[in-house]
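Visitor: I would like to learn how to read a few features of a protein model. Please take them one at a time.

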Amino acid sequence: PYKFKNLPGLIFEVYDTNNYFNFKLVQIKNTEQRIIKNFDNYVKIDKAEYYPKKEKIYNSLSSSTKDSLKNMLKNSSNSTLLFASLIQEKNVENLWEFIKNELIEDQNVDNDKLVNLFELVLNIFIKIFPQYSKNGINISDRFDTELHIKAKGSGSNITKILLDGWKNNQTNKIIKKTVVGV
């Protein structure tokens with residue numbers, strides 16, 4: 001949501017006035033490899049498609065779930081800031097962990113809404129970072145501890161996908177396993 005450009009010199013740290021986004025140089029390293037990044041081809045997200053859905057889901061959450069999300073994603077005092085912060089990879093992972101735990105405990109009345117919220121976040125994240133994709137798990141696949149986390153059931157085949165996981169397409173590394181029912 002923020003673009004920092006046309007700044008003078010080598011920037012060691014940059015942040016917005018509210019400190020919602022803070023980028024800090026952590027290492028300078030000599031390398032023979034040349035890094036060229038063209039920032040002119042950034043991904044544009046259609047707010048008309050994106051914001052009404054997230055607002056509807058967010059506004060339907062219980063106050064305790066909203067509080068949990070705000071506590072998990074510091075500096076997110078309203079739904080717009082919350083959603084802006086969810087574009088950051090670490091926050092996507094934190095949201096996934098939160099929802100996974102809620103699904104395993106199976107005590108939160110907002111679980112279905114949280115899963116819908118995460119699907120929206122993950123789809124936007126993958127659109128912005130195309131090196132990632134969903135794990136591609138199907139109903140009736142055999143349960144595999146390398147690819148799945150079992151939240152419900154005791155069978156050996158997947159009967160329901162509860163929470164999508166994702167992988168890095170370049171390395172084929174599973175970032176988060178898919179939470180399933182068997």
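Predicted model: local features only at pLDDT ≥ 70, side-chain atom pairs only at ≥ 80, totals over all residues.

Visitor: Which strands pair with S8, and in which sense?

Guide: Helices (H or I, at least four residues) and strands (E, at least two) are DSSP runs, numbered from the N terminus. Two strands pair if DSSP finds at least two bridges between them. Strand S4 (residues 148-152) runs parallel to S8, with 4 bridges. Strand S5 (residues 160-163) pairs with S8 in the antiparallel sense, over 3 bridges. Valine 179 is also the bridge partner of leucine 163.

Visitor: Are the faces of S8 covered or open?

Guide: Buried means under 20% relative accessible area, exposed over 50%, and partly exposed in between (1.4 Å probe, protein chains only). Both faces of S8 (residues 178-181) are covered: Thr178 and Val180 are buried on one side, Val179 and Gly181 on the other.

Visitor: Which residues of helix H2 are buried?

Guide: In H2 (residues 63-72), the buried residues are Thr65, Lys66, Leu69 and Met72. They lie on the same side of H2, because they cover an arc of only 125 degrees around the axis. That arc is taken from the directions from the helix axis to the C-beta atoms. The face turned away from the buried side carries the exposed residues Ser63 and Asn71.

Visitor: Which residues make the nonpolar surface patch?

Guide: Leu10, Phe12, Leu25 and Ile28 make a patch of about 430 Å². Leucine 25 lies in the loop between strand S2 (22-24) and helix H1 (47-60) and is partly exposed, at 33% relative accessible area.

Visitor: What should I look for in phi?

Guide: Most residues other than glycine have a negative phi. Aspartate 106, not a glycine, has a positive phi of about 55 degrees. Aspartate 106 lies in the loop between helix H4 (89-105) and helix H5 (111-128), and is partly exposed at 44%.

Visitor: Where is serine 140?

Guide: Serine 140 is in the loop between strand S3 (132-134) and S4. Its phi is positive, near 80 degrees, and serine 140 is exposed, with a relative accessible area of 51%.

Note on methods:
Residues numbered from 1 in each chain as written. Heavy atoms only, no water. Patch = residues over 30% accessible without salt bridge, like charges linked within 9 Å, V, L, I, M, F, W, Y side chains within 5 Å. Areas by Shrake-Rupley, 256 points an atom, 1.4 Å probe, with all protein chains shown as cover. Salt bridge = Lys/Arg side-chain N within 4 Å of Asp/Glu carboxyl O.
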